[in-house]
Amino acid sequence: MELVETGIEGLDKLVGGGFIKGRTYLVAGETGTGKTIFALNYLLHGASKGEPGVYLLVDEEYESFVEGARRFGWDLQPIIQNGMLSVVTLLPDFVERVRSKPVETIVDSIVESLREEVERIGAERLVIDPIAPLVVGEESLVKMREYVRSLLVSIERKIRTTTLVTSEIPTGTAQLSRFGVEEFLATGVLVLGLRSVGGRFARTMWIRKMRWSPAEPAMYEFEIVPGKGIVVKTEKRLA
Ligand SMILES: Nc1ncnc2c1ncn2[C@@H]1O[C@H](COP(=O)(O)OP(=O)(O)O)[C@@H](O)[C@H]1O
Ligand SMILES: [Mg+2]
């Protein structure tokens, strides 16, 4: 199986070399745990190795995202300009337009747009951050699950990228993902969190599931380092 380096410092070694090419991985966690930085870190590593990436930005404006990244020490502009990164947003009226449509129609429309962009820049990596609010409306949980399932399956079938989706876990719950289906569909699941360790707060990365990888479920401490991204403290195994 061909592997794709995540580029997250410390992680590739822990998971036997990286993600499996063409598969979908889930990074879940409560708000502020580092999901967006993880996702961008993954794409920027690809860009640095000549593997272009597409980033579907879901709940933030393009300008504020690029500005936030710049403040973190990542200048996206030149990378976008040289065609190694594409940050795409849904048109503002997208959610309105699709609200009453069947799940299949919504998914086809999203996947088709993503496929075009992936082909345009020859992307090998894709990020959807986060997967949830794409169509959050008054829909029932059943419909949301159907949507998430259909989107993830359709991406693996029709877009041949190695894909990372993020999912926001509601604060204070023990869930692994927002809708409870993402973790079953993904080839691997990483859960980011915060916990108190010896009287201070530590960022934690729980390697929850890694199909076909030698990685055992394990939890490590990590840091967020401006200009660099996520650094897993492989010597600090917590569980
Ligand atoms: N410029 C920065 N300098 C240092 N730390 C930062 C910076 N920007 C963000 N962070 C850290 O990253 C965290 C947010 O990570 P983010 O990936 O946006 O979380 P999520 O996507 O899970 O909500 C913040 O809580 C903050 O601690
Ligand atoms: Mg985020």
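Author: Welcome! Let's start with a definition: a helix axis is a line fitted to C-alpha atoms over the stretch in contact, and the angle between two axes runs from 0 to 180 degrees between N-to-C directions. Keep in mind that this is a predicted model.

Reader: Thanks! How do the axes of helices α6 and α7 cross, and how closely do they come?

Author: In general, two packed helices are described by the angle between their axes and the distance between the axes. Here, the axes of α6 (residues 103-121) and α7 come within 9 Å and cross at roughly 35°. The crossing of α6 and α7 is right-handed.

Reader: Which residues in α6 and α7 meet?

Author: A helix has 3.6 residues a turn, so residues three or four places apart point the same way. From α6 the contact takes Val-103, Glu-104, Ile-106, Val-107, Ile-110, Val-111 and Arg-115. They meet Lys-143, Glu-146, Tyr-147, Ser-150, Leu-151, Ser-154, Ile-155 and Lys-158 of α7. By residue class, the contact of α6 with α7 holds eight nonpolar, two polar and five charged residues.

Reader: What surrounds ligand 1?

Author: For a shell like this, list the residues, then ask which elements supply them. Around ligand 1 you find Gly-29, Thr-31, Gly-32, Thr-33, Gly-34, Lys-35, Thr-36, Ile-37, Arg-71, Phe-72, Ile-224 and Pro-226. The elements that give two or more residues are α2 (35-48) and α3 (62-72), and α2 gives the most, with three. The shell divides into four nonpolar, six polar and two charged residues.

Reader: How many residues of α3 are buried?

Author: Of its 11 residues the number buried is zero, so α3 lies largely in the open. Just after α3, Gly-73 takes a positive phi of about 105°.

Reader: Where does Thr-166 sit, and what does Thr-166 touch?

Author: Thr-166 is in strand β7 (residues 162-168). With 27 other C-beta atoms within 10 Å, Thr-166 is buried. Setting aside residues up to four places away in sequence, Thr-166 touches Val-27, Lys-35, Ala-39, Asp-129, Pro-130 and Ile-131. Lys-35 belongs to the shell around ligand 1. Thr-166 and Lys-35 are 131 residues apart in sequence, yet 6.5 Å apart in space, C-alpha to C-alpha.

Reader: Is the peptide bond from Asp-129 to Pro-130 cis or trans?

Author: Most residues other than glycine have a negative phi, and most peptide bonds are trans. The bond from Asp-129 to Pro-130 is cis, with omega near -10°. Pro-130 lies in the loop between β6 (125-129) and α7 (141-158).

Reader: What is the phi of Trp-212?

Author: Trp-212 is not a glycine, but its phi is positive, about 60°. Trp-212 lies in the loop between β9 (200-210) and β10 (218-225). Trp-212 is exposed because it has 11 other C-beta atoms within 10 Å.

Reader: Ile-8 is in a loop too; is Ile-8 buried or exposed?

Author: The loop of Ile-8 runs between β1 (3-4) and α1 (11-14). Ile-8 is buried, with 23 other C-beta atoms within 10 Å. Beyond residues up to four places away in sequence, Ile-8 touches Phe-38, Asn-41, Tyr-42, Gly-229, Ile-230 and Val-232. Ile-8 and Asn-41 are 33 residues apart in sequence and 6.7 Å apart in space, C-alpha to C-alpha.

Reader: What is the radius of gyration of the protein?

Author: The protein has 17 Å, which agrees with the value near 18 Å that a compact globule of 239 residues would have. The C-alpha trace spans about 50 × 40 × 35 Å along its principal axes. The protein has eight helices and 11 strands, and 39% of its 239 residues count as buried. Among contacts with a separation of 6 or more, residues 24 or more positions apart account for 68%.

How values were computed. Residues are numbered from 1 along each chain as its sequence is written. Chains are lettered from A and ligands numbered from 1 in the order in which they are written. This is a predicted model: local features need pLDDT of at least 70, side-chain atom pairs count only at pLDDT 80 or more; totals for chains, interfaces and linings use all residues. A residue is near a molecule or strand if its C-beta atom, placed from the backbone, lies within 6 Å of it. Helices (H or I, at least four residues) and strands (E, at least two) are DSSP runs, numbered from the N terminus. Ala, Val, Leu, Ile, Met, Phe, Trp, Tyr, Cys and Pro count as nonpolar, Asp, Glu, Lys and Arg as charged, and the others, Gly among them, as polar. A residue is buried if 20 or more other C-beta atoms lie within 10 Å of its own, exposed if 12 or fewer, and partly exposed in between; C-beta atoms are placed from the backbone. A crossing is left-handed if the near helix is turned anticlockwise from the far one by less than a right angle, and right-handed if clockwise. Two residues are in contact if their C-beta atoms, placed from the backbone, lie within 7 Å. The radius of gyration is taken over C-alpha atoms; the globule rule is 2.2 Å times the number of residues to the power 0.38.
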